[in-house]
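Have a look at the model first, then read on.

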Amino acid sequence: MTLILLGPPVAGKGTQAQRLIETRHMVQLSTGDMLRAAVKAGTPIGREAKAIMERGELVPDSIVSGLIDEALAATPASTGVIFDGYPRTAAQAEALDSLLEKHGRKLSRVIELDVDEEALIDRIEGRFSCASCGAGYHDRHKKPRVDGVCDMCGGTTFKRRPDDNAATVRTRLQEYRAKTAPILPIYEKRHLVARVDGMAPMEDVETAIAALLPA
Ligand code: AMP
């Protein structure tokens, strides 16, 4: 199975990808995660991407499509793949078509998480994660059970993404509206798109996505 999870920043794509990894043993190919790793490692790609990401703008298409090419080459054809945060532009959607062909895959579904933008800004501004295991939390909506201690691993250090602030988020939403939302019709024409209410509780979103996938 080869899926695209499409939706604005913090629509819950990463969370839902995580659930699919656990329930279906798929792999998540998140260009955002790959770029953050490159920034952290100080690679040439990371150095080029850092300032762009901090502004909430999009990194050049050739860079992210190159990362996806490498990731697909490293993933066995029998393993299901979830694209999270890619493609984000028409040029990336086109590149993905060629990459899927090159790596012998066929797109099964495009799942769009439908969300309310103002609520998203609230979600983004409060989110943080465990520095050890990456478990996600929120100041108001999902606090750790014990204050300052990760529910999953007991870690006591947490981190916030530098691009999770109101100004950057507004740019990220603008980028989504201007460049990413317009690629939906490409997939609608192929009858691949299903819309899921991303504002519903996490478990309901998970159930709705599961209902769209083969058993
Ligand atoms: P994300 O974690 O998906 O929200 O991505 C964080 C940031 O990484 C974005 O705001 C962009 O600056 C950059 N980025 C991630 N994926 C892409 C992509 N497919 N195309 C361009 N830029 C991307």
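Which residue's side chain does glutamate 57 meet in a salt bridge? Arginine 55 is the partner, at 3.2 Å from N to O. A salt bridge here is a side-chain nitrogen of Lys or Arg within 4 Å of a carboxyl oxygen of Asp or Glu.

This is a predicted model, where local features need pLDDT of at least 70, side-chain atom pairs count only at pLDDT 80 or more, and totals for chains, interfaces and linings use all residues. Residues are numbered from 1 along each chain as its sequence is written, and side-chain values use heavy atoms, with hydrogens and water left out.

**Salt bridges**
- The count comes to 19 salt bridges.
- Glutamate 57 is partly exposed at 35% relative accessible area, and arginine 55 is partly exposed too, at 43% (buried is under 20%, exposed over 50%, partly exposed in between, with a 1.4 Å probe and protein chains only).
- Aspartate 122 pairs with arginine 140 at 2.5 Å, N to O.
- Aspartate 163 and arginine 172 form a salt bridge at 4.0 Å, N to O.
- Aspartate 163 is buried at 9%, and arginine 172 is buried at 10%.

**Cysteines**
- Searching the whole structure turns up zero disulfides (cysteine sulfur pairs within 2.5 Å).
- Cysteine 150 has its closest cysteine sulfur in cysteine 133, at 3.7 Å, which is too far for a bond.
- Cysteine 153 has its closest one in cysteine 130, at 3.6 Å, also too far for a bond.
- Cysteine 150 is buried at 3% relative accessibility, whereas cysteine 153 is partly exposed at 40%.
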